[in-house]
Amino acid sequence: MKRSKVITILKKAAREAGLGFEETELTRHSAFKVGTSSHTLGRHNEVDDITVVKFFKQYEDVLGKGWWRK
């Protein structure tokens, strides 16, 4: 999946949940903060599906279980 699509999905979910969304550029990664949960994603054009699911699962505590499947 394209990295930009992953970010768009996360940003849309945060907006629908009424949570804040922040993006911070680090040296080799980007940090994304949704509500109180902050995690990083590498800067690659393509992100493999396994990594996407693991990244999305990290936000289950603030967005709900399986939020990306809805």
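The face of helix 1 that points away from its buried side carries the exposed residues Arg15 and Glu16, where exposed means over 50% relative accessible area, buried under 20%, and partly exposed in between (1.4 Å probe, protein chains only). The model is predicted: local features need pLDDT of at least 70, side-chain atom pairs count only at pLDDT 80 or more, and totals for chains, interfaces and linings use all residues. Residues are numbered from 1 along each chain as its sequence is written, and side-chain values use heavy atoms, with hydrogens and water left out.

Helices (H or I, at least four residues) and strands (E, at least two) are DSSP runs, numbered from the N terminus. The buried residues of helix 1 are Arg3, Val6, Ile7, Leu10, Ala13 and Ala14. They cover an arc of only 130 degrees around the axis, which places them on the same side of helix 1; the arc is that of the directions from the helix axis to the C-beta atoms. An α-helix has 3.6 residues a turn, so residues three or four places apart point the same way. The cover over the buried residues of helix 1 includes strand 1, strand 2, strand 3, helix 2 (49-57) and helix 3 (60-63). Gly18, with a positive phi near 75 degrees, follows helix 1.

Strand 1 (residues 21-25) and strand 2 (residues 29-34) run antiparallel and are joined by 5 bridges; two strands pair if DSSP finds at least two bridges between them. These strands form a hairpin with 3 residues between them. Thr24 stands opposite Ala31 in strand 2.

Ser37 is located in strand 3 (residues 37-42) and counts as buried, at 5% relative accessibility. Beyond residues up to four places away in sequence, Ser37 touches Phe32, Gln58, Tyr59, Asp61 and Val62, contact meaning heavy atoms within 4.5 Å.

The structure holds 2 salt bridges, each defined by a side-chain nitrogen of Lys or Arg within 4 Å of a carboxyl oxygen of Asp or Glu. One is formed by the side chains of Glu46 and Lys2 (3.5 Å, N to O). Glu46 lies in the loop between strand 3 and helix 2 and Lys2 in the segment before helix 1, so this pair ties together parts that are 44 residues apart in sequence. Glu25 forms a salt bridge with Arg43, with the closest N and O atoms 2.7 Å apart. Because Glu25 lies in strand 1 and Arg43 in the loop between strand 3 and helix 2, the pair ties together parts that are 18 residues apart in sequence. Glu25 is partly exposed, at a relative accessible area of 45%, and Arg43 is partly exposed at 38%.
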